[in-house]
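Biologist: I am new to this structure and would like to understand the words you use for it. Could you walk me through them?

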Amino acid sequence: MRRFLNPQVELRLIDDEGEEIIDEVHKHPMAVAGAFLGLLGCMLLFVSMPFVDRAWPIPLIAGVVLFVRCVWAIHGAHMDRFVITNLRVFRVHGIVSQQTATMPMQRILDITVNKPVLGQIFGYGHFVFESAAQDQGLRDIRFVARPDERDLTIQRVIQWSGARQPVNRHRRTPDASDDD
């Protein structure tokens with residue numbers, strides 16, 4: 001029953017390689033804002049039942065269906081985790097059947113951070129990963145809280161992993177003169 005309530009990210013770590021979680025990202029609350037509005041709609045449907053006389057089963061059935069759909073969406077967002085480790089990034093999502101998509105740090109070529117207007121106001125954004133692979137399982141990560149901080153975390157881990165060469169700030173350019 002626990003696997004239906006918690007994505008159990010720890011079970012997906014490669015222990016014998018020394019993999020450690022750097023950051024486990026839950027969905028931003030804005031990801032479920034529509035579902036919470038739907039729950040308010042459920043309450044309105046339930047409150048309207050006494051006022052529709054003999055047609056009370058209609059708002060009851062509509063309210064129950066909307067309630068189940070909204071709770072399912074909220075729980076689905078709770079089960080959707082994006083994880084940054086010292087070796088890779090991966091996403092676990094799904095309630096009944098879980099899917100895992102993984103990308104090693106060395107394969108990350110580019111990360112685009114999209115922050116829509118509401119994202120700039122409420123502090124969330126969406127990641128788009130580009131890798132060397134044609135068909136990738138981990139591309140879009142939506143509703144990431146504090147996306148700029150998370151992007152910097154990933155960039156630091158990529159540097160720590162040695163996937164990119166460090167920048168030498170005191171390196172001389174080829175056209176620099178020797179008469180300094």
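Modeller: Here is a short talk about the terms and the values behind them.

Modeller: This is a predicted model, where local features need pLDDT of at least 70, side-chain atom pairs count only at pLDDT 80 or more, and totals for chains, interfaces and linings use all residues. Residues are numbered from 1 along each chain as its sequence is written, and side-chain values use heavy atoms, with hydrogens and water left out.

Biologist: How do you know what counts as a helix or a strand in the chain?

Modeller: Helices (H or I, at least four residues) and strands (E, at least two) are DSSP runs, numbered from the N terminus. The chain has 5 helices and 7 strands, and its elements run α-β-α-α-β-β-β-β-α-β-β-α from the N terminus on.

Biologist: Why is R150 called buried?

Modeller: Buried means under 20% relative accessible area, exposed over 50%, and partly exposed in between (1.4 Å probe, protein chains only). R150 has 7% relative accessibility, so R150 counts as buried. Of the 180 residues of the chain, 32% count as buried.

Biologist: What does R150 touch?

Modeller: Contact means heavy atoms within 4.5 Å. Leaving aside residues up to four places away in sequence, R150, which is found in helix α5 (residues 147–161), touches D23, E24, V25, I84, F127, V144 and A145.

Biologist: What makes a group of residues a nonpolar core?

Modeller: It is a set of buried Ala, Val, Leu, Ile, Met, Phe, Trp, Tyr and Cys residues joined through side-chain atoms within 4.5 Å. The largest nonpolar core has 17 residues, and F82, V89, M105, I108, F127, F129 and I154 touch the most other members. Helix α5 gives the most to this core, with 3 residues. Apart from it lies another core, of 5 residues, among them V9, L13, V83 and F90.

Biologist: Why is V71 called partly exposed?

Modeller: V71 has 36% relative accessibility, which lies between the limits of 20% and 50%, so V71 counts as partly exposed. V71 is found in helix α3, and F46, V64, F67, V68 and V71 form a nonpolar patch on the surface.

Biologist: What makes these residues a patch?

Modeller: Like charges are joined within 9 Å, nonpolar side chains (Val, Leu, Ile, Met, Phe, Trp, Tyr) within 5 Å. Together the five have about 400 Å² of accessible area (Shrake-Rupley method, 1.4 Å probe; for residues, only the protein chains shown count as cover). Helix α3 (residues 57–78) gives the most to the patch, with 4 residues.

Biologist: What makes the phi of Q8 and of D53 worth a remark?

Modeller: Most residues other than glycine have a negative phi. Phi of Q8 is near 50° and phi of D53 is near 55°, both positive values.

Biologist: Is D53 buried or exposed?

Modeller: D53 has 61% relative accessibility, so D53 counts as exposed. Q8, at 13%, is buried.

Note on methods: Patch = residues over 30% accessible without salt bridge, like charges linked within 9 Å, V, L, I, M, F, W, Y side chains within 5 Å. Salt bridge = Lys/Arg side-chain N within 4 Å of Asp/Glu carboxyl O.
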